[in-house]
Amino acid sequence: MSENAKSGTLTLIAVPIGNLGDITERARQLLLKATCIACEDTRVTGKLLSILGAEKRAELISFREENEIRLAETLADRLAQGQDIVLVSDAGTPAISDPGFRLVRECRRRGLPVTSAPGPTAVATALSLSGLPSDGFLFAGFLPPKKAARCRFLESYKDFNYTIVLYESCHRISKFLAEVEETLGENRCISVCRELTKLHETIHTGPSQEVREKIAKGSQKGEFVVLIAKDGFEL
């Protein structure tokens, strides 16, 4: 199906993962001009718009994991009727472990225009700062909350030949690092990045046991990215 020239455009806009100075000028201008913004938390996006100096408040639609399936069709209908819509996450790039995939898929199904104002994403930031091989990687997002499922994942990718990147909750980071050490060994090289681009950014890279002990001694608040190097890699 060809894209309908009379329809509106869905624009995915990446916003800072921490430091607001990282927002691009293009993203800023698009957000200030937007009339309809689909966002995870209207309070978070509303605060960002205020900081950016928005004089006219755009329509903010709460677009979360809980309502994404239902709203994907509704928003696609509005796009088909000619309305432009902006999609943002609370932080980073929409549809990357955040709501957005289903809306983009619906737009692709209907041939509706989708574009992007690219920018920050924790995946690429962590990979570039970790010191682990970046010639190829697997991004696994958030693993299941159950220990058995996480260990099965680690076991199945034990001999994966590239870096594995995933997100982990501050509530489970200690347990997960213990599972990494238990499943992959205490000498497996990993990197744990916390609060990227923020004031208390910390990055620890080295053998899993060593990194786990450092994380245990520091603050475990904030956002975590965990990277696991291929077996045999050493700094």
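Cys39 is buried, with a relative accessible area of 0%. Buried here means under 20% relative accessible area, exposed means over 50%, and partly exposed is in between, using a 1.4 Å probe and protein chains only. Remember that this is a predicted model: local features need pLDDT of at least 70, side-chain atom pairs count only at pLDDT 80 or more, and totals for chains, interfaces and linings use all residues. Residues are numbered from 1 along each chain as its sequence is written, and side-chain values use heavy atoms, with hydrogens and water left out.

Back to the cysteines. Now Cys170. Cys170 counts as partly exposed, at 27% relative accessibility.

One more cysteine. Cys151 lies in helix α6, residues 147-156. Helices (H or I, at least four residues) and strands (E, at least two) are DSSP runs, numbered from the N terminus. Cys151 is buried, at 16% relative accessible area. Cys151 and Phe176 are 25 residues apart in sequence, and their C-alpha atoms are 9.0 Å apart in space.

Next, the strands. Strand β2, residues 36-39, pairs with strand β3, residues 59-62. The sense is parallel, over four bridges. Pairing requires that DSSP finds at least two bridges between the strands. Ile37 has Leu60 in β3 as its bridge partner. From β2 the chain passes through α2 to β3, a right-handed β-α-β crossover. Right-handed means that, with the strands pointing away from the viewer, the path from the first strand over the helix to the second runs clockwise.

Last, the pocket. On a 1 Å grid over the protein atoms alone, a pocket is an open set of points where a 1.4 Å probe fits, with protein on both sides within 12 Å along at least five of seven lines. Lining residues have an atom within 4 Å of a point. How much space lies in the largest pocket? About 1200 Å³. Its lining has 41 residues, and Glu40, Ala91, Ser97, Asp98 and Glu223 lie nearest the centre. The elements giving two or more residues to that lining are α2 (42-52), α4 (101-110), β7 (163-168) and β10 (224-228). Helix α2 gives the largest share, five residues.

Notes: Points joined across faces, edges and corners; volume = space filled by probe spheres on them.
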